[in-house]
Amino acid sequence: MVNKATKPTDALIGHDAWNIQLDKNGNLKHFLTTEGLGSEILTRILDTAESFTSVNEKSVKKVPLLRGKTVVNLFFEASTRTRTTFELAAKRLSADVLNINISTSATSKGETLLDTLQNIQAMHCDMFVVRHSDSGAAHYIANHVAPNISVINAGDGSHAHPTQAMLDMFTIRRNKGEDFGNLRVAIVGDILHSRVARSQIHALNTLNTGDVRVIAPKTLLPIDIEHMGVNVFHDLETGIKDADVVIMLRLQKERMQGALLPSEQEYYQLYGLTEERLLVAKKDAIVMHPGPINRGVEIDSNVADGARSVILDQVSYGIAVRMAVMTMTLGREPETEENTAGDGQ
Amino acid sequence: MQQLATPDELLAQMAEKLKTLLSDKAIDNPLMVGIHTGGVWVATRLHQQLNNSTTIFSEPLASLDISFYRDDFSRIGMNPKVKPSQLPPDVDDRHIILVDDVLHTGRTIRAAMNELFDYGRPASITLVCLMERGGRELPLQADIVGEHVKLNQGEHIKLTGPEPLAFELQQQSHKNISNG
């Protein structure tokens, strides 16, 4: 077991990245990164998400919690799954949703990011859901919005994708129970470009996961990855041996600069997850993938569609987790009263 | 403060009253729904007592958690551990017996009815409360009440349970009753 890192510094974000996420009372105001948030907040997100799963299974999939609130999806980078699940989450909470695809909008006419923001802010919105190709973009926006607005990071560069990480934690908890202490979680693939992996590692360590492993060729690992509190492997079968959870990552070719890999075929030969390779993991191991999956590159179709794959469950849970984060940031949570009846409202 | 009967004494009387009311209204196959948390405790007992000799309810007890329907969410936020509402998929044309512990402002009942109507269009809703106190803020009244209680300024009553059920009288001053 490696030492858990205390506060890994991300040069792009700075030391105080986690501070602006909480309000004076310690409640979640923005959700920008899983880094620096305590296990209490992460667990509360998971518990609240658990409550919302029932809404998604009703025939009328809507509750009036965020009625009258306006959520703006600000997507500076293409996304289908994430944007759609954020939109569904907001709509199931009765919020109004505005989808703004900035890449085809004002910024291409020369407007600065801050001017774009101020214009949308002038429309009296309550929440920005931000996806941007630059690391730190959501944090920058959170620092510049009006105080009544909450910002949720829907992925910034290679930095963080906290709601994806939390829906992954939710998927693990649903399958493996609430105690992460005995779990071995293996994250395989393009860690270097993966904001998902970074957010997962922070969340897994905060939730006291027994053994967090990353498995990748050296060219696809960030320098000093060990300091994030993970065990590093370069061989797939050694790395996933006896794993409870195997998380496969997509090769992010669009972010790769220079020759990091000889070829996709060779990558598949060495790191592609097949039924045969999966035999070394625990019998009840689950296979996860944040999507979109590249069949035959990082994962074989038999595994992706197989009995141990929970890839589509991840998508379903994503809605409940995003509903949880939205209600937590837009409403303060009250004290809980255990085992006493409602006080006769 | 008046002397209060025990919840169990009240429940026996309420079960009888409810049986009479159902036959007066000629309601067949009603669906009983308890409101979390105290209402479920009360409803569990009523459901059991009414089904003791003859089968009045063909289905198990249903339950509602009204957390998602509260009107004070923007002021006090949400309880993270909301119990899933357990209702049959279709409440269209059903006669619903809605059960709560203490009827006070009426806002819980308003929220519960909103949630019920998200599931369908019930034929009727009958409200049953173990305890009724003053302080209504909405035009609502219960069809069957175990006991009417008069409280002094600042007094507050709540049901504790689930085993045994008991009333607990509280002085309100030390606690901010924001969702009363």
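Predicted model: local features only at pLDDT ≥ 70, side-chain atom pairs only at ≥ 80, totals over all residues.
Side chains of opposite charge can pair when their charged atoms come close. A search of the whole structure finds 18 such salt bridges over all chains.

Consider Glu77(A) to begin with. The side chain of Glu77(A) meets that of Arg131(A) in a salt bridge, with 3.6 Å from N to O. Glu77(A) lies in the loop between strand E1 (70-75) and helix H2 (81-92) of chain A, whereas Arg131(A) belongs to strand E3 (residues 127-132) of chain A, so the pair ties together parts that are 54 residues apart in sequence. With a relative accessibility of 16%, Glu77(A) counts as buried because the cut-off is under 20%. Arg131(A), at 6% relative accessibility, also counts as buried.

Glu77(A) also forms a salt bridge with Arg195(A), at 3.0 Å from N to O. Arg195(A) is in helix H6 (residues 195-206) of chain A and Glu77(A) in the loop between E1 and H2, so this pair ties together parts that are 118 residues apart in sequence. Both Glu77(A) and Arg195(A) are buried.

Arg94(B) forms a salt bridge with Glu59(B), and their closest N and O atoms are 2.6 Å apart. This pair links distant parts of the chain, 35 residues apart: Arg94(B) is in the loop between helix H3 (73-76) and strand E3 (95-103), and Glu59(B) is in the loop between helix H2 (38-50) and strand E2 (62-64). Arg94(B) counts as buried at 13% relative accessibility, while Glu59(B), at 24%, counts as partly exposed.

To return to chain A, salt bridges that share partners join Glu77(A), Arg131(A) and Arg195(A) into one network.

Key
Residues numbered from 1 in each chain as written. Chains lettered and ligands numbered in written order. Heavy atoms only, no water. Salt bridge = Lys/Arg side-chain N within 4 Å of Asp/Glu carboxyl O. Helix = DSSP H or I, 4+ residues; strand = E, 2+ residues; numbered from the N terminus. Buried < 20%, exposed > 50% of the residue type's maximum accessible area, 1.4 Å probe, protein only.
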